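Trainee: I am new to this structure and would like a close look at one part of it. Could you walk me through the salt bridges and the strands they join?

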Amino acid sequence: MNGGDGRIVRPVLRVGIVTAWSVDIEWEDDVAATGWRVRQIPGHGRYEATGQPRWRANGLTSGTLHEFWVFAVDEDHDESSEKAVVRVITLA
């Protein structure tokens with residue numbers, strides 16, 4: 001959600017369905033954001049873009065701690081300086 005002045009604010013993440021191999025993450029949309037980037041730690045070390053306020057990570061290792069960083073992106077494709085972080089352990 002934006003702060004009312006056009007600035008993007010850090011999203012509040014919610015974990016949805018967790019399986020041994022996947023994790024669903026959701027957050028509130030922000031009208032000031034034109035998209036989102038998600039980074040998985042550990043992982044490929046690269047960012048994946050999503051145009052929706054949700055993400056499904058697939059192909060994960062079961063029983064493992066995974067960390068996800070979410071950044072909002074503005075109309076200039078710049079990332080917000082505020083990242084949201086969530087840590088999830090996949091089912092064993």
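Mentor: Happy to. A salt bridge here is a side-chain nitrogen of Lys or Arg within 4 Å of a carboxyl oxygen of Asp or Glu. This is a predicted model, in which local features need pLDDT of at least 70 and side-chain atom pairs count only at pLDDT 80 or more, while totals for chains, interfaces and linings use all residues. Residues are numbered from 1 along each chain as its sequence is written, and side-chain values use heavy atoms, with hydrogens and water left out.

Searching the whole structure turns up five salt bridges. Let us begin with the pair of Arg-56 and Asp-24, whose closest N and O atoms are 2.6 Å apart. Arg-56 sits in strand S5 (residues 54-57) and Asp-24 in strand S2, 32 residues apart, and the pair links distant parts of the chain. Strands, like helices, are DSSP runs numbered from the N terminus (strands: E, at least two residues; helices: H or I, at least four). Strand S2 covers residues 23-27.

Is Asp-24 buried or exposed? Asp-24 is buried, because its relative accessible area is 13%, and buried means under 20%, exposed over 50% and partly exposed in between, with a 1.4 Å probe and protein chains only. Leaving aside neighbours within four places in sequence, Asp-24 has contacts (heavy atoms within 4.5 Å) with Arg-14, Val-15, Gly-16, Ile-17, Trp-55 and Arg-56.

Another salt bridge joins Arg-37 to Glu-79, with 3.4 Å between the closest N and O atoms. Arg-37 belongs to strand S3 and Glu-79 to strand S7, so this pair ties together parts that are 42 residues apart in sequence. Arg-37 is partly exposed at 22% relative accessible area, and Glu-79 is partly exposed at 32%.

Strand S3 (residues 35-41) pairs with S4 over four bridges, and Val-38 has Glu-48 in S4 as its bridge partner.

Arg-10 lies in the segment before strand S1 (13-18), 72 residues from Glu-82. Glu-82 is partly exposed at 34% relative accessibility, and Arg-10 is partly exposed at 47%.

Notes: Two strands pair if DSSP finds at least two bridges between them.
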